[in-house]
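Open the structure in your viewer and keep the selection panel at hand. The stops below say what to select and what is there.

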Amino acid sequence: MTTTKLSSDQTSSGSQTATALVEIRDLKKSYYRDSQEIPVIEGVTLTINRGEFLAMMGPSGSGKSTLLNIIAGLDSTEHGSVIVAGENVTAMSARELATWRGRHIGFVFQFYNLLPVLTAYQNIELPLLLTDLSKKERKEHVRTALDVVSLSDRAEHFPRQLSGGQQQRVGIARAIVSDPTIILADEPTGDLDAKSAEEILDLLTRLNEEFQKTIIMVTHDAKAAERAHAVMHLDKGVLSR
Amino acid sequence: MKFARLVWANIFRNKRRTFLTTASVAVAMFLFASLRSIITTLEASAELGSEARLITRNAIGITFPLPEAYTSRLESTRGIRSVSWANWFGGVYQDPQDFFAQFAVQGESYFAMYPEIHVPDDQLDAFLRERTAAIVGAGLMERFGWSLDQTVTLQGTIFPGDWEFTIRGVYTPENPSFSDQAMYFRYDYLFERTNRQVTPGWFVLQLEDPTAAADISTTIDALFENSTAPTATETERAFQAGFVTMWGNVAGLVRAIGTAVFFAILLVAANTMMMAARERINEVAVMKTLGFQNRTLATLVLAEATIITGVGGLIGLFLAKGFINPANPVNVMLPGFNLTTGTFVAGVGISIALGLVSGAVPAWQSARLSVVQALRRVA
Amino acid sequence: MKIPLIYNLRSLKQRPISTLTTAIGMALVVAVFVAMMALSNGFRAALVGTGAEENAFIVRKGANDEMSSGLSRQTVSTISSLPFVAKDDEGRPLISPETFVVISLQRINGGMGNVVVRGVSPQAIKVRSGVEIIEGKMFRIGAREIVVGKTLAQTFPNTAVGDQITFGGQPWTVVGHFSANGSAFESEIWGENEQFMPVFRGEVFQSVTFRMTDPSAFAGVAETLENDPRLFVDAHREVDFYENQSAQLGTILNFVAVFIASIMAVGAVFGAINTMYAAVASRAPEIGVLLTLGFKPRNVLSSFMVESLVIALIGGIIGCLIVLPINGLVTSTTNWSSFSEIAFAFRVTPRLLMYGLLFAAGMGLIGGFFPAWKAARQHVVEALRQA
C-alpha cells in the first residue's frame, strides 16, 4: 500500500487547490428493508483532485458501490453534499442528473454490462447517441476509443464473440468515448483471470497517466489497488486511509 | 432516428418470439378485416337502391302478387314518370345449390328505368324482339361458361316445368355492389306459359322528383287501401335496406367476435413485451447509467412494440386484401365483397393502438426502474 | 420415474401474469368457438327438430319449398283416404293439410322480417309431434284466432296473449303461445287453414302432413303417391324436408365457426409457444438439476407438455364459463332457402363444452411441443452453468 501523498486531507474550501474535482462533505446514507434502517455510509468527507487515481477497498456491504453510485448521481442521499466538477449532484433532479451523467461520468462495471444485441462498435457509440454529434463525428470518437483499448479489429463483433477481457475493454472504451470528467470503475477486474486483469489495469493506468483521466476504482484486489495513487478503506460506512 | 438501430437490434434479439408475435397480430388483423368487410359490404348494399324510384309491393308480403290492372292508375298518379314491373322466378339451373336470381321483367319499360344496368343497344333490341330471350349478368356468364346466343334450360319451382331461355344480352352493372350474377327475361313469356295466370310481383315506379317520394308513396297506398290487394310503397333504397335487415343481428355478432379477437391478441402481444422487458432490466439500468433519460427509454420500448404490431398488422391486412375481393365465392350472397380503405385504415390504427397498449406497462416499468436495485441484482 | 405434477403447478404459480394472460387468450378463443358452434347448433336444432320420423310430408311435384307448392282440395281428400295414413283414437285420419304464406312484419327492434303464417288443421297438434300450448289456448275453429310460436313472441311486437296483429287486411287475436321442441315452428304464426285460405291464396293448400301407419315403409308410400296419375306430388319424410332447408345456412354457419375459431387459435397458439419458450429458458438451471437427479429427457418433455396443457385447460374452462350465459339467447336471421325468418336460440350443450375443452387441449399440446422438446434436449452442464 502506497502512502497517501495527496491532498485528500484538505477539507476547507479556502485552501482548495484549483484541481479539486469531487468534494464530498459529511455524506450519510441508509437503506430501509421492511421497516429497519440499515446505515450504509456513516458520514464520509472526501476530496478528490483532478488527475487522481483513487482505489477504494473494503469488505462486502461496506458501502463502496453505494458511494460510487452517489457520486455518479445514480443514488440519492438524505444528508451531506456531493459536488462533482462544480455541480451539486445531490440537488439535481432525475432529468438533470441523466443529462449530466452522460456528459461527466464514465462507468466501468464488474460484469461489463454490454448490450448483447449490439456490436462492440455500437455499444461504444451508445453514449454518443445522447449528444448532437453527427454520424461522422460519432464514428471518429468511437474509432479513437477503440484504438485506445486496442480493439479496432473487433469492432463488428458481438459481446458473445469476445472474451471477458475483451468485453471489459469495450466497457472501458464506452466509458471514455464521450470524454467524461471522471471514470468510475466498480470491481473492473472482479470477473477476469489474472492475465486479463493485468491488461485492464494497464489500460486504466494508461488512461490516468497519459490522458490525465481521474479514476475512482472500487476493488477487492490488493494488487489492483497498488496501481492507484491513493487507497481509501471503507468499513461499515466509515472512511479511513 | 439515430436510435433506430438500437430499436431494430432489440426487435431481433429473439427472432422466434418476434416472429410469433408478429404472426399473431397478422392473424388477428386478417380476421378483423374479413369480419369488418362483411359489415361494410352489407352496408354498401343497403345504400344501393335509388331514391328516385319507388317499389310498390303487396302489403301482405313480397311473396304476394299484384293485379296488372294497377298499372294504369299508377301511371296516371301525379309525379310518376313511368311504371314497370317484375317477378321473382326462383328457378334452378342444374344444381339447386348453385343459386342465382332470375327476374321476369316488363321488357322495354324496365331497362329504361335502370340505366345503371348497362346493356349494349343491339342486345337490348334482340331481347325485345324475341319472347324467350334473356339478359344475363357478366359474372353469371363467366360462372357457368355460357356464351351469347346460347340456350339454357331452367327447372321452375314456383312455376313448374322446364323453361328454355336464349341468352341475347349481357349486362354489366355500374356499381360493384349491384350483383352481376342475375338473369332477366321477359314477363310476357311467363304470362303466356302460365296460361295468363301470373300477375306482377312488384311494381317499379320512376319519380319525376325524388323529394316527393314520401308523399307519393302515401298517395299510392291510399289509392289501393280498400282494394283486393292493398299496397305498401317505399323508395327502392328503403326496400333494399329492408333486405339487409333480414340478415338479422349480423353486425352485433361480428362486432362481438371482433372484440374478442382484439383482446385475445392484445394479451399475446402484451405478454410478449413484458417477457422481453424482463430480460432487459439490466440493460435498461446500464443505459440509465450512461445518461439515457427515462422518457427516452420508455419511448424506445413503445417504438419496439408498435413496430412489431404495426408490421404484423400490415401483413395481416394485405393477406386479407388478397382474400377479400370480387373473385371470392362469397360474392354470390354478398355482391361487391371488398376490403374498403376505411377498413384498411382502421386496421392500421388498431395495430398501432395494440402496440402502444401492450408496450405501456413495460415502458412505464423501464422508466421507473431503479438503477441501483437493478444493478445490484447482477453484482 | 415421472416428474411430479406439483412441480409444474408451482412453477405456474410462480409466473402468474404470464400464465394468466396466455390462459385468458385461449379462453377467448374457446369462448368464440363454442359460441359460434352454439349458434350453428341452435339453428340446426331448430330445423332438424322440425318434423318427425313417422310423418310423411307432401308438396306439389318440383317444389323445393312450401311456398312454391300448391295442392288442391281434391288432392288432399284423395290422400286422406289412402290406407297408409294412420288414424287417431277416434278413427280420424292423422293428417294436416296446411297453407303456408310468408308475410312482412315489423320486428321489435326495427327492420322487417318475413314471418311464416301457417294455416293448419285442428289435427295439427296431434300430427306435428312435439307441439304444446304453453300459454293460453288453441284457436277455435271458425274464429279469427291465432297462436304464436314462443320465439316469435319474443322478436315481434303485439304478440302477447290477448293482443291483436293485423295482416292480410284483417285483425287476428292471439289466443295462445306454443312451443315445439326448439324447432322452426316456434318462429311461426299458426291459425286455421280454412280461415287463411280466402285471405291469402285461395282454395289451395301448400302441403299435407300425415302420420304413416308404418314409418319404415316410407319408400313404398312415396312411390305410390308419386306414381298416382290423379296426384302431382313429391313425398318426403318430414324430417328430411326440413333438414334440406337448413343445409345451406347450416353449412355456412359451421364453416364460419370453424374458420374464425381456427384463425384465432393460431394466434393463441403462437402466444402459448412464446410463453413456454420463455418458461423453459428461465428454468434452464432447474432442468439441469432434474436431469442430474436422474430424470430422463422424455420425462422433461412430457412434464413441459403437461404444463402447457394445464395452462390451456385453465383457459378452456374459463372460456366455457364465459360463454355459458349466452345459452338460450335468441337471435334471428332469414333462411334464404325458405325465404322466411327463423328465430333460434344459442344452444350450448355439454358436448359442445367438451369440444371447447378438447380444442383448448389441442392448442396447449401444439403450443407446448416445441418448447418442451427444447427443454428435453438441454445439455446438463450448460443448463447448470446458467444457475
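Predicted model: local features only at pLDDT ≥ 70, side-chain atom pairs only at ≥ 80, totals over all residues.

Residues are numbered from 1 along each chain as its sequence is written, chains are lettered from A and ligands numbered from 1 in the order in which they are written, and side-chain values use heavy atoms, without hydrogens and water.

**Stop 1: chain A.** Select chain A and colour by secondary structure: there are seven helices and 10 strands (DSSP runs, H or I of at least four residues for helices and E of at least two for strands, numbered from the N terminus). Its C-alpha atoms fill a box of roughly 45 × 45 × 40 Å along the principal axes. Of its 241 residues, 54% are buried (under 20% relative accessible area, 1.4 Å probe, protein chains only).

**Stop 2: the largest nonpolar core.** Such a core is a set of buried Ala, Val, Leu, Ile, Met, Phe, Trp, Tyr and Cys residues joined through side-chain atoms within 4.5 Å. Select Ile260(C), Met264(C) and Met363(C), which touch the most other members among the 72 residues of this core. Then select helix H2 of chain C (residues 16–48), the source of the largest share, 16 residues.

**Stop 3: around Ile260(C).** Leaving out residues up to four places away in sequence, Ile260(C) touches Leu31(B), Leu35(B), Ile257(B), Val32(C) and Met36(C) (heavy atoms within 4.5 Å).

Definitions and conventions: Buried < 20%, exposed > 50% of the residue type's maximum accessible area, 1.4 Å probe, protein only.
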